[in-house]
Amino acid sequence: MPPVTNAQARGIDEENVRSDIEDILGNIPPQSRTTACGDWNARVGVMHPKFGEADRNRMSEDQIVNARAKWVVELCEEKCWFILNGLQPGPPARYTYEKGLKKSCIDLVLATDPTRRVEHDPSTLQFSDHVLVKTNM
């Protein structure tokens, strides 16, 4: 998803972007085992979805929460997805973007199965501005 300010500068309405994503995700059958990952441009800090007994805390190097975070967490609650980056027990979510002094965790791995884990691969920093986030499946 494009960053909110970038979308606005290009004349793209945030609500339309969210609606398009929700339409696509609406095609996923309910109760199916799902993993969705990518650049959500949502800084969720340590926010996490809450659903009954399955409420699991997260830790993150990135403590900032941006305007898109609440929507992503609500989407996770609707789809019964955990945010795997920093899910506890386990290591904290690492920064997935670094350029100069700017750092953030905007690439998120969302899944119905909380036993999946995200592995941070710092060796990719030498090849690009983005850190590879890969899951152990």
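Analyst: Two strands are said to pair if DSSP finds at least two bridges between them. Helices (H or I, at least four residues) and strands (E, at least two) are DSSP runs, numbered from the N terminus. This is a predicted model, in which local features need pLDDT of at least 70 and side-chain atom pairs count only at pLDDT 80 or more, while totals for chains, interfaces and linings use all residues. Residues are numbered from 1 along each chain as its sequence is written, and side-chain values use heavy atoms, with hydrogens and water left out.

User: What makes β2 and β5 a pair?

Analyst: β2 and strand β5 (residues 107-111) are joined over 2 bridges in the antiparallel sense, and because at least two bridges are required, they pair. Within this pairing Ile83 stands opposite Leu110 in β5, and Phe82 has Ala111 of β5 as its bridge partner. On the other pairing, 5 bridges join β1 to β5, again antiparallel, and one of the residues involved is Thr35, whose bridge partner in β5 is Ala111.

User: Why are β1 and β2 said to stand at the edges?

Analyst: The open sheet has 3 strands in the order β1-β5-β2, paired antiparallel. β1 (35-39) and β2 (82-83) each have a single partner strand, so one side of each is left without a neighbour in the sheet.

User: Why is Val44 called buried, and what does Val44 touch?

Analyst: Val44, in the loop between β1 and α3, has 2% relative accessibility and therefore counts as buried. Taking contact to mean heavy atoms within 4.5 Å, Val44 touches Arg58, Ile64, Val65, Ala69, Ile83 and Leu108, not counting residues up to four places away in sequence.

User: What about Ser60: buried or exposed?

Analyst: Ser60 is also found in the loop between β1 and α3, and its relative accessible area of 9% makes it buried. A polar contact is a pair of N or O atoms within 3.5 Å; within protein, one must be able to donate a hydrogen and the other to accept it, and residues adjacent in sequence count only if both atoms are side-chain atoms. A polar atom of the Ser60 side chain lies 3.0 Å from the backbone nitrogen of Asp62, and this distance falls within the limit of 3.5 Å. Ser60 also touches Gly45, Val46, Pro92 and Ala93, leaving aside residues up to four places away in sequence.

User: Why is Gly26 called exposed?

Analyst: Gly26, in the loop between α2 and β1, has a relative accessible area of 53%, and is therefore exposed. Gln31 lies in the loop between α2 and β1, and Gln31 is exposed with a relative accessible area of 79%. Gln31 has a positive phi of about 65 degrees although it is not a glycine.

User: What makes a space a pocket, and how much space lies in the largest pocket?

Analyst: On a 1 Å grid over the protein atoms alone, a cavity is a set of points where a 1.4 Å probe fits but cannot get out, whereas a pocket is an open set with protein on both sides within 12 Å along at least five of seven lines; lining residues have an atom within 4 Å of a point. About 220 Å³ of space lies in the largest pocket. Of the 13 residues that line the largest pocket, the closest to its centre are Gln31, Ser32, Lys79, Cys80 and Thr112.

User: Which residues are buried in the helix α3, and what do they pack against?

Analyst: In α3 (residues 69-79) the buried residues are Ala69, Trp71, Val72, Val73, Leu75, Cys76 and Lys79. The buried residues of α3 pack against α2 (14-25), β2 and β5. After α3 comes Cys80, whose phi is positive, near 60 degrees.

Key: Points joined across faces, edges and corners; volume = space filled by probe spheres on them. Buried < 20%, exposed > 50% of the residue type's maximum accessible area, 1.4 Å probe, protein only.
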